[in-house]
Amino acid sequence: MIRWLAGRIVTMMLTLLVISALIFIIIQLPPGDYLTSYIAEIQAQGEKVTADKIAFLREQYGLDKPLWQQYLLWVTGLLHGDLGYSFEYNQPVADVVGERMPLTLLLNAATVVFVYLVSFPIGIYSATHQYSWSDHGLSFLGFLGLATPNFLLALILLYLANVWFGTSIGGLMGPEYIDAPWTLAKVGSVLSHLWVPVLVIGTAGTAGMIRRLRANLLDELNRQYVVTARAKGLSERRLLFKYPLRMALNPFIADLGSILPQIVSGSVIISAVMSLPTTGPMLLSSLRSQDMYLAGSFLMFLAVLTVVGMFVSDLLLAALDPRIRLGVRAAR
């Protein structure tokens, strides 16, 4: 097992190294760079930019170096915890991201909890009551959640929250708490605003997970070992939770590697629509302005979430499913 874990960690490091190179290449593919956009903005304001000033700015931002050298400086900085310097904000990336990261993590963690708490019982109930009116109704709601665009649902819920509960439109807290220190009143304001984006972002993931759990559980309930256990007099409740549900939980655990980056990337558009003070709008802005270190740090964060999530899900799957444990031992 130790050799298997060591091999997986080495594979993770190599994967992140390749991803970092791809991210840097993709960011550099559009013509020009941040300085090009910055000079165009200065010229649009009627200010002339001389060749000496352009050379000075290019040297100041480190854009006069070859691309491979810029990449090595960025990667070595990442290994030391230095995310680089944001051209757009004139601050280190860590300082720019650090201001919005706590609310971003709170929003994403609440969304993950919402997805699992809602999809788990509904998926089980829908599978054990197949073709009933409740099953058809829950299936209809699931398809509706998959088909409804998130931004449209966000606008509808913002209006309803404002009309029914008096919640201010946009943001994760009331306007009077934006620059105020953290108090119980500010925490309550955040919680009163949090349910709208959590519901919007988690709807599609919840609907998709319900359908997968229902399909997997129905497949397990029709297997021969379930029929044999039922014939031996095992109660339906004990039979369900001891055998088929454990096998049907595999997609739940396997989705850990993808649900975190999907929620983070999916919340980008919703954050822009709902004016949320998270890292989503900042990512869009950095991509438009070609602020390569800020955009690259965001994309590397998503890559780390994916790789680490896959690693954790593999460990949990091995603990949950004995067939996977046997496969690991055979590989050793």
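**Exercise 1. Work out how helix α6 packs on helix α8, and what the contact is made of.**

Step 1: take the geometry. α6 (residues 133-147) and α8 pack at about 135°, with axes 8 Å apart. Axes here are lines fitted to C-alpha atoms, for helices over the stretch in contact, and angles run from 0 to 180 degrees between N-to-C directions. Helices are DSSP runs (H or I, at least four residues), numbered from the N terminus.

A word on the model: it is a predicted one, where local features need pLDDT of at least 70 and side-chain atom pairs count only at pLDDT 80 or more, while totals for chains, interfaces and linings use all residues. Residues are numbered from 1 along each chain as its sequence is written, and side-chain values use heavy atoms, leaving out hydrogens and water.

Step 2: name the arrangement. Under 35 degrees counts as roughly parallel, over 145 as roughly antiparallel, 65 to 115 as roughly perpendicular and the rest as oblique, so α6 and α8 are oblique to each other.

Step 3: get the hand. This crossing of α6 and α8 is left-handed (the near helix is turned anticlockwise from the far one by less than a right angle; clockwise would be right-handed).

Step 4: list the contact (heavy atoms within 4.5 Å). α6 brings D135, S139, G142, F143, G145 and L146, and α8 answers with T203, A204, A207, G208, R211 and R214.

Step 5: sort by class. There are four nonpolar, five polar and three charged residues. (Ala, Val, Leu, Ile, Met, Phe, Trp, Tyr, Cys and Pro count as nonpolar, Asp, Glu, Lys and Arg as charged, and the others, Gly among them, as polar.)

**Exercise 2. Do likewise for α7 and α8.**

Step 1: the axes of α7 (residues 150-165) and α8 come within 9 Å and cross at roughly 150°. That makes α7 roughly antiparallel to α8.

Step 2: their crossing is right-handed.

Step 3: on the α7 side, the contact includes L153, L157 and F165; on the α8 side, W195, L199 and T203 are among the residues. The contact divides into 11 nonpolar, two polar and no charged residues.

**Exercise 3. Find where α8 bends.**

Terms used. Bend = angle between axes of the 7 residues up to and from the residue. Helix = DSSP H or I, 4+ residues; strand = E, 2+ residues; numbered from the N terminus.
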